[in-house]
Amino acid sequence: MIKIMITCGGGFSSSALVGHLNAETIEKNLTDRAEFIYCPYDFGGIGGDVDKVDIVMLCPHLAFQSKELAKKYPHKPFYIIPTRLYGLMAAEEFIEDAEDCIEGWKKTGMNPFHFEGENNPLRITRTISHRKWLQEK
């Protein structure tokens, strides 16, 4: 099972999203694959919780902090959730992207990690996991 941290500025949108995603993992029997936690970035940062998770997924508006965070925590993969996917993607899709980001980060060392051709989160148009999007292409 992987642990996925989702963080936003004050923790409001990320806490709502994480609540929804955890409920969906229970509903769809995905609890053996992942657990989601949230951590507000603006109130003390993510420092105490970063070692408790396998990947940190940043809300789109924290993209400007991504490189600094990756330097501060080089042992942890970071991923900027594309704007179009934030709040819209199902739990399984988040899990698949997290799994693939972790693998990609291990292979490339790229941090923050992004999928090929997705270096600008504002331009990503897919609404499903990158894995499924590639299968549909």
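The model treated here is a predicted one.

**Exercise 1. The nonpolar cores**

Determine which elements give two or more residues to the largest nonpolar core, and which of them gives the most.

Solution. The largest nonpolar core has 27 residues, and those with the most contacts inside it are Ile4, Ile6, Phe36, Ile55, Met57 and Phe94. Two or more residues come from each of strand S1 (2-7), helix H1 (12-27), strand S2 (34-38), strand S3 (55-58) and helix H4 (91-108). Among these elements, H4 gives the most, with 7 residues. Apart from this core lies another, of 14 residues, which includes Tyr41, Ile46, Leu58 and Ile80.

**Exercise 2. Two aromatic pairs**

Describe the geometry of the pair Phe36 and Phe94, and then explain why the pair of Tyr79 and Phe115 is edge-to-face.

Solution. A search of the whole structure finds 4 aromatic pairs. One of them is formed by Phe36 and Phe94, whose rings are edge-to-face, at 6.3 Å centre to centre and with 90° between the planes. Since Phe36 lies in strand S2 and Phe94 in helix H4, the pair ties together parts that are 58 residues apart in sequence. The cut-off for a buried residue is under 20% relative accessible area, and therefore Phe36 counts as buried at 2% relative accessibility, as does Phe94 at 0%.

For the second pair, the needed cut-off is that planes over 60 degrees apart count as edge-to-face. The ring centres of Tyr79 and Phe115 are 5.8 Å apart and their planes stand at 65°, so this pair is edge-to-face. Tyr79 belongs to strand S4 (residues 78-80), whereas Phe115 belongs to the loop between H4 and helix H5 (130-136), so the pair ties together parts that are 36 residues apart in sequence. Both Tyr79 and Phe115 are buried, and together with Phe113 they form one aromatic cluster.

**Exercise 3. The surroundings of Thr7**

Decide whether Thr7 is buried or exposed, and say what its side chain reaches.

Solution. Thr7 is located in strand S1, and because its relative accessibility is 0%, Thr7 counts as buried. The side chain of Thr7 reaches the backbone oxygen of Cys39 at 2.4 Å. When neighbours within four places in sequence are left aside, the contacts of Thr7 include Ser14, Pro40, Tyr41, Val56 and Leu62.

**Exercise 4. Backbone features in the loops**

State which peptide bond is cis, and where the residue Asn29, with its positive phi, lies.

Solution. As a point of reference, most residues other than glycine have a negative phi, and most peptide bonds are trans. The peptide bond from Asn111 to Pro112 is cis, with omega near 5°, and Pro112 has its place in the loop between H4 and H5. The phi of Asn29 is near 55°, which is a positive value in a residue other than glycine. Asn29 lies in the loop between H1 and S2, and with 63% relative accessibility it counts as exposed.

Methods
Residues are numbered from 1 along each chain as its sequence is written. This is a predicted model: local features need pLDDT of at least 70, side-chain atom pairs count only at pLDDT 80 or more; totals for chains, interfaces and linings use all residues. Side-chain values use heavy atoms; hydrogens and water are left out. A nonpolar core is a set of buried Ala, Val, Leu, Ile, Met, Phe, Trp, Tyr and Cys residues joined through side-chain atoms within 4.5 Å. Buried means under 20% relative accessible area, exposed over 50%, partly exposed in between (1.4 Å probe, protein chains only). Helices (H or I, at least four residues) and strands (E, at least two) are DSSP runs, numbered from the N terminus. Rings of Phe, Tyr and Trp (its six-membered ring) pair if their centres lie within 6.5 Å; planes under 30 degrees apart count as stacked, over 60 as edge-to-face and the rest as tilted. A polar contact is a pair of N or O atoms within 3.5 Å; within protein, one must be able to donate a hydrogen and the other to accept it, and residues adjacent in sequence count only if both atoms are side-chain atoms. Contact means heavy atoms within 4.5 Å.
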